[in-house]
Amino acid sequence: SQVSFEEESQNPPAVGHWKPLMPSKGDKEEPESGCQNAGDVDEPQSTEQLNVSRLRSSSVEIREKGSEFLRDELHKAQKELKLKDKECERLSKVREQLEQELEELTASLFEEAHKMVREANTKQAAAEKQLREARGKIDMLQAEVTALKTLVITSTPSSPNRELHPQLQSPSKAGFRKGHGRNKSTSSAMVSAASQNVAPEPVSRECKEVDSILFAEFQAWKESPTLDKSCSFLDRIYREDVGPCLDFTKQELSELVRVAVEQNTLTIEPVAPQTVPVGKVAAEECGGPKKCALSGLPRTCKHRIMLGDSGNYYYISPSCRARITAVCNFFTYIRYIQQGLVRQDVELMYWEVMRLRREMSLAKLGFYPSEM
């Protein structure tokens, strides 16, 4: 019984069983049988404990692996969340930039639209002003054409109508115009030396004979009138009459005068007898009342010329004015022929051209009316 007690004390009791420490008196063989049963019971108990410990270790391992997996997934999710935050921040910046650019573009478009509207209004106003001015010029030109037609129909070069040509009247009847009168070459060119004589010699007393070469050149030009000096008719007149008549001492100014006469932009004005104050002189005046700007000689200058719209005035002597006026008369007449305003026989037009050429030749030689 002592041995069995020691064995029992060495082997732990099974779970759920209770063993008495002291055996009863009537049961002597029970301890042996109890020891045998205890030995049989220890084996499943140890196996069961091993299984429990294994289960516990496996559950701990599973729990650790699960927590590690969850930590990895959490790290991945955090990384993805950070990337998405960065992407959201970048997209928000892009949106702000696009909104700013859109606002700037809208503002620039509105500003450009307002600018275009202002420019369109300005151009419309300018166009309306030009239209009104053009209509006024058209009305004025129509009136001038009507007057010129009346002049050409009722007056011929051989017998001009003095009522339609006030410049042909004698100085006592016409009177001296006060102030600064401005006449374009088309209007002032109608003054000729022969027509201003008090007692002109009748044309019927002159003996005339048509030059066949000159008449043929004039007829060829009359078929298609042009101001191009390359044609034989005008080329001859340029060489023989226009060039020598406008050849003055001041070569540079002479060339400018010739161009202005050809372009019909020459203006001749009489010089007022009173002295103009220096402060009121609006343009540069070359020469002077006592010096001719074309010849450079000391002469009494009663007229001055302006070339185009330059505003520069040049004083000219009576002789230079007669030469310029003779050339202007010629160009005015051939312009009338070119525009179809002269309705006469070809021979009569030819003799009028010859008379104008004679006036240029006389003016070149220094002959001019005393009224100039």
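The accessible surface of the protein chain comes to about 26,000 Å² (Shrake-Rupley method, 1.4 Å probe), and carbon and sulfur atoms contribute 55% of that surface. The model is a predicted one, in which local features need pLDDT of at least 70, side-chain atom pairs count only at pLDDT 80 or more, and totals for chains, interfaces and linings use all residues. Residues are numbered from 1 along each chain as its sequence is written, and side-chain values use heavy atoms, with hydrogens and water left out.

Of the 372 residues in the protein chain, 27% are buried, that is, under 20% relative accessible area with a 1.4 Å probe, protein chains only. Contacts are heavy atoms within 4.5 Å; among those with a separation of 6 or more, 71% join residues 24 or more positions apart.

A walk along the chain comes next. The protein chain has nine helices and five strands, taken as DSSP runs (H or I, at least four residues, for helices; E, at least two, for strands) and numbered from the N terminus. Their order from the N terminus is α-α-α-β-α-α-α-α-β-β-β-β-α-α.

Helix α5 (residues 212–223) and helix α9 (residues 346–365) have axes that come within 11 Å and cross at roughly 115°, the axes being lines fitted to C-alpha atoms over the stretch in contact, with angles from 0 to 180 degrees between N-to-C directions. The two helices, α5 and α9, are therefore roughly perpendicular, the term for angles of 65 to 115 degrees. From α5, L214, F215, F218, Q219 and K222 meet V346, E347, M349, Y350, V353, M354 and R357 of α9.

Terms used
Buried < 20%, exposed > 50% of the residue type's maximum accessible area, 1.4 Å probe, protein only. Parallel < 35°, antiparallel > 145°, perpendicular 65-115°, else oblique.
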